[in-house]
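I hope they are handy while you have the structure open.

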Amino acid sequence: MPAPAFQPGFFASGPQVLFEDAEGGVRYLPEVVPFALAARWFEAVRDHADWKAMRRPMYDRVVDVPRLVAAYRLEDPALPGPLADIAGHVRDALGEPFNAVGLNWYRDGRDSVAPHGDKPHMITPGHPIAVLSLGAERRMVVRAKQPPRRSVAIDLAPGSLLVMSHASQATHEHGIPKVRGPVGQRISLAFRVRPPR
DNA sequence: GTCTCCCAATTCAA
DNA sequence: CTTGAATTGGGAGA
């Protein structure tokens, strides 16, 4: 007999641990936000954030940074669109005192972010980073910086949270590789506890 | 001001 | 075919 389709956690898997460390490692939490709400948030954030297109020199040419970005301190009284509401949800979901958010808009499969770890000045020891995904699913790759450089891929569904420990930012890199073929638009919101300036 | 680190796209090798 | 290394240069942070 095949497993019954309604068995909880069989098809729609629950929280997933990509790897473990002393601070909780990297965890994927699907369906933290209901699908319909995530869809509304996607449109509102897309339409109201003040997106910036960056350019960067590369050899003898200047190239576009392959995504649009925006960033806010959560104490900003003029947070655009639903950002304050979203921040409240994420804070409540994890019980972390997030005070900053960085947004990335991946417009199609050519948009990406190179593997990287968050810089020490962006985060606070003991506090994780939480990446909320909205819009289309995109694959993230998390890779250890030290040999054997194990890498894990995770498809980030809308409404999910990827929670990465502070320690993991020193030991691992994460990135969104380019993909060929049609891909929908995705917006990520990376919540952090940043040190005061 | 000075130093260090990072990240873009393309090319090339395995 | 796929994956990874190497490459240059400007900007951000310490």
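1. Let's begin with the sheet: eight strands form an open, antiparallel sheet in the order β1-β2-β10-β7-β12-β5-β4-β3. Two strands count as paired if DSSP finds at least two bridges between them, and strands (E, at least two residues) and helices (H or I, at least four) are DSSP runs numbered from the N terminus. The edges are held by β1 (16-19) and β3 (52-58), each with a single partner strand, so one side of each has no neighbour in the sheet. On average, neighbouring strands are turned by 25° against each other, direction ignored.

2. A word on what you are viewing. This is a predicted model, in which local features need pLDDT of at least 70 and side-chain atom pairs pLDDT 80 or more, while totals for chains, interfaces and linings use all residues. Residues are numbered from 1 along each chain as its sequence is written, chains are lettered from A and ligands numbered from 1 in the order written, and side-chain values use heavy atoms, without hydrogens and water.

3. One detail to look up: A53 has L68 of β4 as its bridge partner.

4. Next, the helices. α1 lies across β5, β7 and β12 and runs at about 95° to β7. α2 also packs on the sheet, touching β2 (26-29), β4, β5, β7, β10 and β12, and its direction makes about 60° with that of β12. Contact here means heavy atoms within 4.5 Å; axes are lines fitted to C-alpha atoms, for helices over the stretch in contact, with angles from 0 to 180 degrees between N-to-C directions.

5. Which residues of the largest nonpolar core touch the most other members? They are W51, L103, L132, L189 and F191, out of 31 residues. Such a core is a set of buried (under 20% relative accessible area, 1.4 Å probe, protein chains only) Ala, Val, Leu, Ile, Met, Phe, Trp, Tyr and Cys residues joined through side-chain atoms within 4.5 Å. The largest share, five residues, comes from α1. A second, separate core of 20 residues includes F19, Y28, L162 and A190.

6. Finally, the DNA. 13 residues surround DNA strand B (a heavy atom within 4 Å), and the closest are M58, R67, A114, H116 and K119. For R56, a polar side-chain atom lies 3.3 Å from a base oxygen. β4 gives the largest share of this surface, four residues.

Note on methods: Buried < 20%, exposed > 50% of the residue type's maximum accessible area, 1.4 Å probe, protein only. Polar contact = N/O pair within 3.5 Å; in protein donor to acceptor, adjacent residues only side chain to side chain.
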